[in-house]
Each structure stands twice: as C-alpha cells, then as structure tokens.
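Hello,

I am passing on the structure we talked about, with some notes on what turned up in it. Please have a look at it first and then read on.

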Amino acid sequence: MNKAIASGILPFDLMDLKPTIQIVEFDINTLFYKGLILKEKEFRSSLSSLDFSPYRGKAVAFTCSAETIVPLWAYMALANAFSDNAVCFDLKNTAELEVDLWKENLLDSDLTAFENKKVVIIARPEIPPSLYLAVTALLKPIVQTLMYGEIGLPKVIYKK
C-alpha cells in the first residue's frame, strides 16, 4: 500500500502553470536619437518603421539601457505600436515579466479541486519565491491543510 496515495494529499505543482509564451526583450533606447536622446520626431519615425514580425504572438519586456529621461507619452506610443502585434508587454525585464505571467496563470487557474483538501505545494528551487507567496494566499482560504515539499514528507504550513 502506497502511504502517500492513502494519505489523501493532493500535489500542486507550480511548474504546471509556467507560462509557455515566448518572452522577448526590446530595448527602447534603439529608438532614441544616437541611442541616447529621445527626440519626438525621430522616436516616432523609428517606431513607425520598426519591423514588428519578431514580436508577433509573443510577450515583450520593454527595457531601457540608456540613462535618459523618457517622457510618459513615449510609453503610450510604444503600447500603441505594439498592441496589434505582441500578446502582452510591460516595462520590466524578461524574468520579471515571466513571473507576472506565471502569477496570472495561477490566478486564472481553477482551484475548486483543492477545496477542503490536504494540499502540498511541490518544492522546486527554480520557482520564484513570490509565487509561493501568491499560491499560499490563494489556497489558504479554501484548503483544509496547506503543505510544502513532497507528498511523502511535507512541511505543514497551515492547518484548519
């Protein structure tokens, strides 16, 4: 008899919710005059002549490697230009955008199967800590017991 199965503990693997969409980074300083100064005319011209094919169907992480002042309207112009091509975009690096998409997947997931159950969040070192915070906040109100680790030897986090 398998004691792990007999225990009634359900596994929750955050890796199942990892975003599958490809994330590409776009450094907005490539649209600046000489890569340093945002001049409206040149910025708009560079933006309108940009080839969007590498961004179609992907998530775009906007970054800015130049230390320059970027007026807020420029971000709106970027959003306008990329909205018809990218699935989503944000002003953050690739890793941060991936975590945000991962959290969205978690928030959109159906958690009804875990109501009033014993649940163990599978331990994985590659999962960002903020996801463990998010999953705990989501599951604590609905589960009987929340644990971390492996089904055979979990660490109890919360118990009703």
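Strand β2 runs parallel to strand β3 (residues 59-63), and five bridges join the two. Helices (H or I, at least four residues) and strands (E, at least two) are DSSP runs, numbered from the N terminus, and two strands pair if DSSP finds at least two bridges between them. Within this pair, E25 stands opposite A61 of β3.

A note on the source: this is a predicted model, in which local features need pLDDT of at least 70 and side-chain atom pairs count only at pLDDT 80 or more, while totals for chains, interfaces and linings use all residues. Residues are numbered from 1 along each chain as its sequence is written, and side-chain values use heavy atoms, with hydrogens and water left out.

Now the whole sheet. It is open, with three strands in the order β2-β3-β4 and parallel pairing. Because β2 (23-27) and β4 (88-90) each have a single partner strand, they stand at the edges, and one side of each lacks a neighbour in the sheet.

Helix α3 (residues 72-82) packs on this sheet and touches β2, β3 and β4, where contact means heavy atoms within 4.5 Å. The direction of α3 makes about 160 degrees with that of β3; axes are lines fitted to C-alpha atoms, for helices over the stretch in contact, and angles run from 0 to 180 degrees between N-to-C directions.

Finally, M15 lies in the loop between β1 (9-12) and β2. M15 touches W102, R124, E126 and I127, leaving aside residues up to four places away in sequence.

Best wishes
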